[in-house]
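Q: I am new to this structure and would like to go through it step by step. Could we begin with the terms?

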Amino acid sequence: MTRLGLRARVTAAFAVGALLLALAMALFSYDLTRRSLLDERERTAVRAAYYDAAVVRSGLDTEDPDVVAVLRALDTGSTRRPLLHLPDGWYARTADIGAGAVPVELQRMVAAGQPGVQRIRVDGQPTLLVGVPLSAGVGYYELTSLREVEATFQVVGLALTAVAIMVAGAGAALGWYATRHSVRPLTAVADAAERIAAGDFATRLDPTTDPDLTRLSSSFNHMVDQLVRRIERDRRFAADVSHELRSPLQTLAAAASVLTRRAGHQDERTATAAGLVVDEVARFQRLVDDLIQLARTEQPAHREPVEVAALARAACRSRSLPEHLVEVVGDAPTQWHVDRRRVEQTLLNLLENAVRYGGGPVGVRLSLRDGGVGVIDVDDDGPGVPEGDREAIFDRFVRGRAAHARAGTDGTGLGLALVAQHAAAHGGHATVLDRDRGARFRVELPGARG
């Protein structure tokens, strides 16, 4: 199960907190409102019952009273129903209520001369029953309907529930708004880190953005400064060492060429040793040249309009390859906004890699994707690249299995690393894809449309 992010967790916490608070307030308000309404209705019903009981007592004090007429003379409205208990039985204005509506305990209280109030249900409806003793063996009961009060409770409950939901939603919105502003400095740090990873080492955080995050900003900027100084120091070291090695290498190359020219005057063992020296000196020279190129890749890309198709054909000619290998996909424009030196080096290295380890290139395809991303594909006719090696071969001094199998130790292990560095300088990347036969090396260069 995917874990929620910081913003989602804080928003959920705000929402849950607001909901719990709203529910607590709603329950308290509902209970207070319910008690108040019931108490008020009970006081009103008791007063009305005592008044009606006095009227009934006056009517019963006459000679030969008509009990039903006395009950009908009461002004009880539609919400109150009288019920009279005499020694000879129960009397009511209608036949829909009788002794069964009065609980036995309340009957005993009234018979003992004590008034009582009890909430009951009659025909499923909430009712307030008031019992008033009139004389020995005579009790007056009045049933007051609480249907309107119950309906009021339902309305109040629905209103409070709606308010709780709205408060929870407002809490979630507040949490989202608060986290959006509180997480903004972290977003700025993440954006800055992405730009630095893409090669923009001039990126820094503004220490005055948030006073509470001044230490984070200053520490981040100090880390970047230290990182840039270390990278620059390593780059200068590699460049200085490479340049310093050029002079002795040139001397060794000149001496090796002399040995090569005099190979006919040497015995077989000496000629073999001289050939090994010449090969290693040549490989050493290529390694130094690649290190110099690698040191230059740390610099930002210098973009300019470049005819990439013409550049690709020139690269093919320099490697003695046919120009018809270059193919422009569709009607894509061939003028890209890229760094000429980097793209030229990329094409040369990919072609060299295909010649050395891939059985030779079979196609160089140039295309433009949506968003202005330039794509260079170089297909070879080799054994392909195993899936486990497809990322490692772009690291420095790493050579694939085909290099070991086909070319021994002739390569420097920096050609594809340079390709990856040149792509990264443009904000892109280099990958290896599957083909029916061989491999496809792809370089993506964002912003090529200009």
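A: Two strands count as paired if DSSP finds at least two bridges between them. Please note also that this is a predicted model.

Q: Then how many bridges join strand β11 to β12?

A: Six bridges join strand β11 (residues 429–434) to β12, and the two run antiparallel. Within that pairing, Thr431 stands opposite Arg442 in β12.

Q: What lies between the strands in the hairpin of β11 and β12?

A: Four residues lie between them, and Gly438 in this hairpin takes a positive phi near 85°.

Q: Changing topic: how many aromatic pairs does the structure hold?

A: The structure holds three aromatic pairs. One of them is formed by Tyr30 and Phe153, which are edge-to-face, 6.3 Å centre to centre with 65° between the planes. This pair links distant parts of the chain: Tyr30 is in helix α1 (residues 6–60) and Phe153 is in helix α4 (residues 147–182), 123 residues apart.

Q: Why does Tyr30 count as partly exposed?

A: Tyr30 counts as partly exposed because its relative accessibility is 29%, and buried would require under 20%. Phe153 is buried, with a relative accessible area of 5%.

Q: Why is the pair of Phe394 and Phe441 edge-to-face?

A: The planes of Phe394 and Phe441 stand at 70°, so the pair is edge-to-face, as planes over 60 degrees apart count that way. The ring centres of Phe394 and Phe441 are 6.4 Å apart.

Q: Where do Phe394 and Phe441 sit in the chain?

A: Phe394 is in the loop between β10 and α10 (401–407), and Phe441 is in strand β12, 47 residues apart, so that the pair links distant parts of the chain. Phe394 counts as buried at 10% relative accessibility. Phe441 is also buried, with a relative accessible area of 5%.

Q: Now the open sheet: what is the order of its five strands?

A: The order is β2-β1-β5-β4-β3, with antiparallel pairing.

Q: Which strands stand at the edges?

A: Strands β2 (89–92) and β3 (116–122) stand there, each with a single partner strand, so one side of each is left without a neighbour in the sheet. On average, neighbouring strands of this sheet are turned by 25° against each other, direction ignored.

Q: How many bridges join strand β1 to strand β5?

A: Strand β1 (residues 80–86) and strand β5 (residues 138–145) are joined by six bridges and run antiparallel. Arg81 stands opposite Leu143 in β5.

Q: Lastly, which residues form a nonpolar patch on the surface?

A: The patch is formed by Val16, Leu19, Leu20 and Leu23, with about 330 Å² of accessible area together. Of these, Leu19 is found in helix α1. Leu19 counts as partly exposed because its relative accessibility is 32%.

Definitions and conventions
Residues are numbered from 1 along each chain as its sequence is written. This is a predicted model: local features need pLDDT of at least 70, side-chain atom pairs count only at pLDDT 80 or more; totals for chains, interfaces and linings use all residues. Side-chain values use heavy atoms; hydrogens and water are left out. Rings of Phe, Tyr and Trp (its six-membered ring) pair if their centres lie within 6.5 Å; planes under 30 degrees apart count as stacked, over 60 as edge-to-face and the rest as tilted. Buried means under 20% relative accessible area, exposed over 50%, partly exposed in between (1.4 Å probe, protein chains only). Axes are lines fitted to C-alpha atoms, for helices over the stretch in contact, and angles run from 0 to 180 degrees between N-to-C directions. Patches are made of residues with over 30% relative accessible area and no salt bridge: like charges are joined within 9 Å, nonpolar side chains (Val, Leu, Ile, Met, Phe, Trp, Tyr) within 5 Å. Accessible areas come from the Shrake-Rupley method with a 1.4 Å probe; for residues, only the protein chains shown count as cover. A salt bridge is a side-chain nitrogen of Lys or Arg within 4 Å of a carboxyl oxygen of Asp or Glu.
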